[in-house]
Amino acid sequence: MSTIQKLDDAFGRQSKRAKLALMAGPGVGWLLTLILVPTAFLVMVSFAEINSSYDVVWSFSVSNYRELFVGESGLFQTPFVDSFILSLRISAVTTFLTIVLAYPVAYLLTRLSGRRFKILLFAVLVPFFTIFIVRIYSWLSLFGSQGLINSALVAMPLISEPVGAFEYGELAVIISLTHAFFPYMLLTLYSSLEGIDYGVIEASRDLGASRLEIAKDVVIPLSAQGLITGCVFVFVPALGTFITPQFLARGKFLMIAEVLTARINEMYAIDFGAAGSLFLIIPTIVAFAIVMRTTSLEAMG
């Protein structure tokens with residue numbers, strides 16, 4: 001290879017690097033400014049302390065983490081641990097319910113076209129065009145001893161008093177969160193199911209596979225990437241939800257975001273809040289790491 005060709009190759013590589021830097025530079029800059037830098041500051045505050053004047057004392061201390069996990073009754077006997085476990089359970093149940101409800105609807109959408117597809121999609125998504133707080137107030141009127149559900153049941157001759165299951169509490173929060181995050185699961189599953197070759201499903205039917213076997217052995221494995229992505233899109237925001245339990249739990253329990261917010265509002269314990277917030281970030285990082293290992297960007301789109 002001549003010297004001129006080597007120079008051309010070198011300049012070509014530099015030109016490609018310059019174009020890549022020009023395209024990725026703004027995104028990387030925003031990533032550093034809006035995500036990485038605030039997260040690093042959050043970590044620093046979590047090891048700091050707040051003095052009596054509500055000033056941050058920059059020192060390396062693990063007292064905040066000790067307070068998160070060590071209570072008067074022993075290890076893991078703290079309100080933070082209790083609320084964190086409760087939040088994980090509610091988020092997991094919410095994610096499972098959105099999967100159960102979204103799969104048949106997403107599958108049906110892939111089998112429809114034209115006007116019928118548009119009508120069904122509009123009917124499913126139209127409630128989500130309203131403001132989130134308005135939907136919360138709608139659920140607020142449905143639950144409770146005097147809510148629409150119990151009022152309708154009492155009006156029937158089947159029961160004589162309100163049903164406790166439809167009072168404010170965990171069930172109300174789960175139903176509201178499932179309703180709120182249903183579109184995220186639906187749209188990601190639909191995107192994944194739309195790419196399936198339905199000739200494979202027809203071949204499975206010809207070979208005698210039942211509907212359950214087709215769903216278990218064909219549909220779910222082929223749509224696994226959309227399923228994983230949808231689980232992340234539902235589980236992560238459900239874990240850190242604040243408004244929904246504040247309205248629909250009615251003080252019966254506190255989810256993790258409420259525990260941290262209450263502590264900050266009452267005692268300005270931003271060091272404690274920063275330490276606790278990191279345990280909301282960790283599941284998010286793990287979830288997105290799983291997505292990046294199992295799902296391509298094209299499948300996520």
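Trainee: Leaving aside its neighbours within four places in sequence, which residues is Thr110 in contact with?

Mentor: This is a predicted model, in which local features need pLDDT of at least 70 and side-chain atom pairs count only at pLDDT 80 or more, while totals for chains, interfaces and linings use all residues. Residues are numbered from 1 along each chain as its sequence is written, and side-chain values use heavy atoms, with hydrogens and water left out. Taking contact to mean heavy atoms within 4.5 Å, and setting aside neighbours within four places in sequence, the partners of Thr110 are Tyr190, Leu193, Glu194 and Tyr198.

Trainee: Is Thr110 buried or exposed?

Mentor: Thr110 is found in helix α3, a helix being a DSSP run of H or I with at least four residues, numbered from the N terminus. Buried means under 20% relative accessible area, exposed over 50%, and partly exposed in between, using a 1.4 Å probe and protein chains only. Because its relative accessible area is 16%, Thr110 is buried.

Trainee: Which helix gives the most to the lining of the largest pocket?

Mentor: A pocket is an open set of points on a 1 Å grid over the protein atoms alone, where a 1.4 Å probe fits and protein lies on both sides within 12 Å along at least five of seven lines, and lining residues have an atom within 4 Å of a point. Both α3 (79-111) and α9 (211-222) supply at least two residues of the lining of the largest pocket. Tyr103, Pro104 and Tyr107 are among the residues that line this pocket, as are Ile214 and Val219. With five residues, the helix that gives the most is α9.

Trainee: How much space lies in the second largest pocket?

Mentor: The second largest pocket is lined by 13 residues, and those nearest its centre are Pro79, Phe80, Val259, Arg263 and Phe272. A volume is the space filled by probe spheres set on the grid points, which are joined across faces, edges and corners. For the largest pocket this gives about 280 Å³, and for the second largest pocket about 200 Å³.

Trainee: What phi does Tyr268 have, although it is not a glycine?

Mentor: Most residues other than glycine have a negative phi. Arg250, in the loop between α11 (243-248) and α12, has a positive phi of about 55°. Tyr268 is found in the loop between α12 and α13 (270-294) and is partly exposed, with a relative accessible area of 38%. The phi of Tyr268 is positive, at about 50°.
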